[in-house]
Amino acid sequence: MRIAVIGAGGVGGAFGAALAHAGADVTFVARGAHLNAIRANGLRIEGGRGDTILKPAGATDDPATIGPVDFVLFCVKLWDVETAGAAIKPLIGSSTAVIPLQNGIDAADRLIPILGARAVMGGVAQISANIAAPGVIRQTGSFMRLIFGELGGGRSARGDTFLSVCEKAGFDATHSDHIQTDLWMKFILLATNSAITAATRTPLGKLRDDPDIAPLFTRAAAEVVAVGRAKGIALPDDAAEKTFGFTLNAPPGMMASMAHDLIKGSRIELPWLSGKVVALGRELNVPTPVHEVLYAVLKPFVNGAAG
C-alpha cells in the first residue's frame with residue numbers, strides 16, 4: 001500500500017510513522033529544516049507510546065515526485081488547504097482516497113472542487129502531538145485514534161482496506177459509516193478546548209479543576225452542539241457531556257495545537273474553530289456568547305503574535 005502524508009507535523013508524522021512501521025510504503029511531504037532532518041536522520045517519535053525512529057524515512061517537498069498513491073493523509077494547516085490541495089493532484093489516481101485530518105468541519109468541502117468528490121473521504125485524528133525539533137515529533141499521552149469514512153455515509157471497500165493497515169499499525173482506528181457526526185463530535189471538543197487553552201495559555205489540567213473556569217467548557221461545548229443540530233447534524237443527546245468527559249480524562253499537560261501555535265507566535269486556526277461557531281451561530285440564529293468572547297479575545301493573534 002502506497003501512502004503519502006502531506007504535512008509531517010504532529011498528526012501526519014505520528015500516524016505516518018506508525019503506518020510505515022506496519023509495512024506501508026509511506027512518503028512524507030515536508031519542508032525546511034524538518035524535511036532536511038528527516039532525510040538525514042529519519043523521523044523520531046517521542047512520548048507516551050514510547051520512543052521510535054523511522055529510518056530511513058521517505059521524504060520530499062514536491063508531491064509530483066511521488067506519483068499516484070492509494071491513500072493520502074492530508075495534514076496541512078487549515079489556511080493551506082487550497083494551495084496544498086492543488087499541489088497533490090499528481091498523487092491522485094482512479095482509486096486514490098484523500099483523507100483530510102484537519103481541525104474544523106469543512107476541509108473536505110474545500111478539497112472537493114479541487115480533487116473531485118470521488119477522491120475525498122472524511123477523517124478525524126485524535127492525538128496530541130507537535131514538532132518538538134526538526135525531525136522529532138513529541139506526543140503528549142498515549143491516546144492515538146483515527147476515524148475515517150465516506151462523506152455520504154456507509155462503508156466502502158477502500159475504507160476496509162485502510163482499516164486493515166491501521167490495525168496492523170497498532171493505533172485505534174474506526175471505519176465509520178457516519179463520518180459527519182464524527183467530524184462534529186471532534187469539532188465540539190476542539191473548538192472548545194482550542195479556544196480555552198489558547199486564551200489562557202494554560203494546559204487542561206489547571207483549567208478543568210478550577211471551579212471558575214470549568215463551567216466554560218460545558219457552556220462552550222453546548223453552544224457548538226446547538227449550532228450542529230440547527231445545521232441538521234445528527235448528534236447524541238449527551239454530546240456536550242461526552243466531550244467534557246474526554247477533557248476530564250485527558251493528560252493534564254495537554255494543550256490544543258492552536259494554543260501551541262499561539263505561544264510560538266505562529267498563525268492560529270481560530271477562524272475555522274471558534275470563528276466558525278460564531279459565524280454559523282449568526283447564520284442559523286443560535287446564540288454563541290462564550291465563543292463570541294473567546295473569538296474576540298484571540299482574534300488579534302490570528303496572523304501571529306500581536307504587534
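Which residues line the largest cavity? The close-ups below take that up first and then move on to other spots in this predicted model.

**View 1. The largest cavity, with about 60 Å³ of space inside.** Here is the answer to the opening question: the lining is made of Pro 100, Gln 102, Gly 104, Ile 105, Asp 106, Ala 107, Ala 108, Gly 122, Gly 123 and Leu 183. Two elements, helix 4 (107-115) and strand 8 (122-126), each give two or more residues to this lining. Sort the lining by class and you get 5 nonpolar, 4 polar and 1 charged. A search of the whole structure turns up 3 cavities of 30 Å³ or more.

**View 2. The second largest cavity, at about 40 Å³.** Look for Leu 189, Thr 192, Asn 193, Phe 217, Ala 221, Ala 240, Thr 243, Phe 244 and Thr 247 around this space. Helix 6, helix 8 and helix 9 each put two or more residues into the lining. Which helix gives the most to it? That's helix 9, with 4 residues. The class tally here is 5 nonpolar, 4 polar and no charged residues.

**View 3. The second largest pocket, with a volume of about 280 Å³.** Its lining is built from Gln 126, Phe 143, Arg 145, Ile 147, Asp 182, Met 185, Lys 186, Leu 189, Pro 236, Lys 242, Thr 243 and Phe 246. Strand 11 (145-149), helix 6 (179-200) and helix 9 (239-249) supply at least two residues each. Helix 6 gives the most to this pocket's lining, with 4 residues. Count by class and you'll find 6 nonpolar, 2 polar and 4 charged residues in the lining.

**View 4. Helix 8 meets helix 11.** Two packed helices are described by the angle between their axes and the distance between the axes. For helix 8 (residues 214-230) and helix 11 (residues 274-284), the axes come within 10 Å and cross at roughly 50°. That angle makes helix 8 oblique to helix 11. The crossing is left-handed. On the helix 8 side, find Val 224, Val 227 and Ala 230; they meet Val 277, Leu 280, Gly 281 and Leu 284 in helix 11. The contact between the two helices has 6 nonpolar residues, 1 polar and no charged ones.

**View 5. Arg 39 and the residues it touches.** Start in helix 2 (residues 32-41), where Arg 39 has its place. Leaving aside residues up to four places away in sequence, Arg 39 touches Ala 59, Thr 60 and Asp 61. How many residues apart along the chain are Arg 39 and Asp 210? The answer is 171, and their C-alpha atoms are separated by 45 Å.

**View 6. A cis peptide bond at Pro 56.** Zoom in on the loop between strand 4 (52-54) and strand 5 (58-60) to find Pro 56. The peptide bond running from Lys 55 to Pro 56 is cis, and its omega is near 0°.

**View 7. Arg 201 and its positive phi.** Arg 201 is in the loop between helix 6 and helix 7 (204-208). The phi of Arg 201 is near 55°, a positive value in a residue other than glycine.

Technical notes
Residues numbered from 1 in each chain as written. Predicted model: local features only at pLDDT ≥ 70, side-chain atom pairs only at ≥ 80, totals over all residues. Heavy atoms only, no water. 1 Å grid on protein atoms, 1.4 Å probe; cavity = no way out; pocket = protein on both sides within 12 Å on 5 of 7 lines; lining within 4 Å. Points joined across faces, edges and corners; volume = space filled by probe spheres on them. Nonpolar A, V, L, I, M, F, W, Y, C, P; charged D, E, K, R; others polar. Axes fitted to C-alpha atoms, helices over the stretch in contact; angles between N-to-C directions. Parallel < 35°, antiparallel > 145°, perpendicular 65-115°, else oblique. Left-handed = near helix turned anticlockwise from the far one by under 90°. Contact = heavy atoms within 4.5 Å.
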